[in-house]
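Subject: Structure for your review

Hello,

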Amino acid sequence: MTSKKIAIIGAGISGLACAGQLSQADYAVTVFDKSQGVGGRMSHRDFEKWGADHGAQYFTTKDPLFTAEVQKWIKEGVASPWLGKIATYTHGQSKALADTKQRFVGVPAMTAPAKFLAKGLNIELNHTITSINRAHDHWELCIHDEQSLTDQFEQVIFAIPPVQAKHLIARYSKQLSAVCDQANMLPCWTLMAYLKQPLDLPFDGAFVNDSLFSWIARDNTKPERPRYETWVAQASHAWSQEHVDLSHYEVEPALVEAFNALTGASCDLYQSHLWRYAKLETESTINFSLDSQMQLGLCGDWLRASTIEGAWLSGYLLAQEFISLND
Ligand SMILES: Cc1cc2nc3c(=O)[nH]c(=O)nc-3n(C[C@H](O)[C@H](O)[C@H](O)COP(=O)(O)OP(=O)(O)OC[C@H]3O[C@@H](n4cnc5c(N)ncnc54)[C@H](O)[C@@H]3O)c2cc1C
């Protein structure tokens, strides 16, 4: 039995997958996240009377390890297939997508699998890690600039996007900093809309070709959602990049107008969200990275593929490598 203390920064799906494996192997794991809840980009936003999945829209499975994990989620009632009609949408014409892909979603919201993985783990929410310090042969994490965490850790794993990881690592690991430098994350402006009347469109999700949006979806067609009409529309990475420095107030008129032009409907209620580090520009084959000398590690979607599967596998594989090295 080992009691090696490990800190994981980030309670997205990669950090939680990693934490679960390490906890099962009897490591003393603490996960820190700056948000109020777990899940990271696998997320759902609730407003006064409505809500929508405003990050990842669905997930697919390819790798046998992740396929088995999703079957577990389905059995536990935290994921379910989404049978929504998926199409391409160009110049007002929709064409059903001729793919046989099975799409899954979290139920009752996209955050559900993350909440399931978080059960039984030691998770500190509302903790923004602003720096790490080497104290003798241990790591000490600082939250909110000044305040040091009293706990010390033998190993720190960063399950956060590369720009944020590099900021914390640069002083201590040239190796991991170089890995961070190789990844480029693209932004995504997202519009969430509530409509009083259902939209008369022949699809529930569509890859859009001639708009500032690249994807729109009828969120309420996902299983176990309230029935009122909600849509999520994601701007293309190119458009989002051009508008990345603008505020919500500056961007929302363009998003709402484009939604209206695309669907013929006006939004009765709406909110926007900017994902500054939404998706990886080019897929990676690294899976994870470890600096064994400094006892630091990196995992996250950006080390494999910008999907829930890619993120989960990255965290899972890092934990397996760590366990085998420390056996
Ligand atoms: C708009 C959008 C649409 C997407 N659509 C899909 C899709 O349809 N299908 C699909 O499979 N994938 C999709 N993805 C990608 C998928 O959501 C991600 O690949 C996956 O969720 C990433 O998980 P992660 O654990 O690597 O990182 P994240 O989910 O980003 O988790 C990182 C966590 O670290 C925390 N954090 C960051 N910095 C700090 C700090 N300094 N201190 C403490 N905590 C910190 C954050 O709060 C966050 O919770 C989409 C992503 C976006 C943004």
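**Ligand site**

At least two residues of the shell around the ligand come from each of α1 (13–24), β18 (269–280) and α8 (308–325) (helices, H or I of at least four residues, and strands, E of at least two, are DSSP runs numbered from the N terminus). This is a predicted model, in which local features need pLDDT of at least 70 and side-chain atom pairs count only at pLDDT 80 or more, while totals for chains, interfaces and linings use all residues. Residues are numbered from 1 along each chain as its sequence is written, and side-chain values use heavy atoms, with hydrogens and water left out.

β18 gives the largest share of the shell, 3 residues. There are 34 residues around the ligand, and S14, D33, R41, Y58 and D301 come nearest (near means a heavy atom within 4 Å).

Polar contacts are pairs of N or O atoms within 3.5 Å; within protein, one must be able to donate a hydrogen and the other to accept it, and residues adjacent in sequence count only if both atoms are side-chain atoms. A polar side-chain atom of R41 is 2.8 Å from a ligand oxygen atom. A polar backbone atom of I129 lies 3.0 Å from a ligand nitrogen atom. On its own the ligand has 1000 Å² of accessible area, of which the protein covers 94% (Shrake-Rupley method, 1.4 Å probe).

**Cysteines**

The structure has 0 disulfides (pairs of cysteine sulfur atoms within 2.5 Å). For C180, the nearest cysteine sulfur is that of C299, 12 Å away.

Regards
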